[in-house]
Amino acid sequence: KVTGLTYLGGLARHKKLRGSDGMQLVTLASPETLAAESFRILRTNLQIAGTDRHLPSLLITSPSRGDGKTDIAANLAVVLARAEKQVILIDANLRRPQIATMFGLPEQEGLSSLLSNIDRMPEPIPVPSVPGLAIVPAGGQALNSSEILGSQRMYRLIQECKARADVVLIDSAPLWYSDALGLAPQVDGVLLVVSSGSTGRE
């Protein structure tokens, strides 16, 4: 009501899981639960056949820290891949990268070196536990994150990923920072995550 935006669904709260190789994700560790099913409902609502809601690239952000957007980005990537989509998940949260760790992958060269390494683009890393899913890691924190994410090379990377996958998901820093605002014009849609009972109207 406050934003006038389309409501795409509520996600069931679930306990924070522990584990490696993606097993801290509810869609992998407990796929039969209500929490996992709520991610599948979100997947369906994002891909309604016969509408103009086809979003080959989707930025996921939130108004503030702790709203759960990274967990949502990772779980949404899993359920999309399990629906036989080719998915690339980009960790563009250069303030607090977590995606590689969630899937048990090394935080190797990634977006943080996008402007310094002009010889080649970061390469998506396949996730062994989830066929069809690959990740472009953040490669660590970066002080010049807004310059990296708003650059022409970032736009080129997104376009290259779109050419290789059915869906490109991008996890970004919250709207406290300018990072998501620089990324938004480069993608086909933005998914705004709010936390019931804690995200303020402002």
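A salt bridge, a term used in several of these legends, is a side-chain nitrogen of Lys or Arg within 4 Å of a carboxyl oxygen of Asp or Glu. The structure holds 6 salt bridges, and three of them get a close-up below. This is a predicted model, in which local features need pLDDT of at least 70 and side-chain atom pairs count only at pLDDT 80 or more, while totals for chains, interfaces and linings use all residues. Residues are numbered from 1 along each chain as its sequence is written, and side-chain values use heavy atoms, with hydrogens and water left out.

**View 1. The whole protein, to get your bearings.**
Start with the overall fold: the protein has 7 helices and 6 strands. Here helices (H or I, at least four residues) and strands (E, at least two) are DSSP runs, numbered from the N terminus. Following the chain along its sequence gives the pattern α-α-β-α-β-α-β-β-α-α-β-α-β. The protein is as compact as a globular protein of its length, because its radius of gyration is 16 Å, close to the 17 Å that the globule rule gives for 202 residues. That radius is taken over C-alpha atoms, and the globule rule is 2.2 Å times the number of residues to the power 0.38. Along the principal axes, the C-alpha atoms fill a box of roughly 45 × 40 × 35 Å. Of the 202 residues, 48% count as buried; buried means under 20% relative accessible area, exposed over 50%, and partly exposed in between (1.4 Å probe, protein chains only).

**View 2. Helix α2 and its buried side.**
Helix α2 covers residues 34–46, and its end C-alpha atoms are 18 Å apart, which agrees with the 18 Å that its 13 residues should span at 1.5 Å a residue. The expected span is 1.5 Å times one less than the number of residues. Which residues of α2 are buried? They are Ala35, Ala36, Ser38, Phe39, Leu42, Arg43 and Leu46. These residues lie on the same side of α2, because they cover an arc of only 155° around the axis, the arc being that of the directions from the helix axis to the C-beta atoms. Their packing partners are α1 (26–29), β1 (57–61), α3 (69–82) and β6 (189–192).

**View 3. Leu8 and Ile41.**
Leu8 lies in the segment before α1 and counts as buried, at 17% relative accessibility. Between the C-alpha atoms of Leu8 and Ile41 the distance is 8.8 Å, although the two are 33 residues apart in sequence.

**View 4. Strand β2, covered on both faces.**
In a regular strand the side chains alternate between the two faces of the sheet. For β2, 6 of its 6 residues are buried. Val87, Leu89 and Asp91 belong to one side, and Ile88, Ile90 and Ala92 to the other. Two strands pair if DSSP finds at least two bridges between them. Strand β4 (residues 133–136) pairs with β2 in the parallel sense over 4 bridges, and Leu89 stands opposite Ile135 there. Strand β5 (residues 167–172) also pairs with β2 in the parallel sense, over 6 bridges; in β5, Ser172 is the bridge partner of Ala92.

**View 5. The salt bridge between Asp179 and Arg95.**
Look for the closest N and O atoms of this pair, which are 2.9 Å apart. Asp179 lies in helix α7 (residues 179–183) and Arg95 in the loop between β2 (87–92) and α4 (99–102), so the pair ties together parts that are 84 residues apart in sequence. Asp179 is buried, with a relative accessible area of 1%, whereas Arg95 is partly exposed at 29%.

Within helix α6 (residues 152–164), Arg156 and Glu160 are 4 residues apart, or about one helical turn. Their side chains form a salt bridge at 3.7 Å, N to O. Both count as partly exposed, Arg156 at 44% relative accessibility and Glu160 at 33%. Lys162 forms a salt bridge with Asp188 at 3.0 Å, N to O. Lys162 lies in helix α6 and Asp188 in the loop between α7 and β6, so this pair ties together parts that are 26 residues apart in sequence. Asp188 is partly exposed at 38% relative accessibility, and Lys162 is partly exposed at 22%.

Key. Contact = heavy atoms within 4.5 Å.
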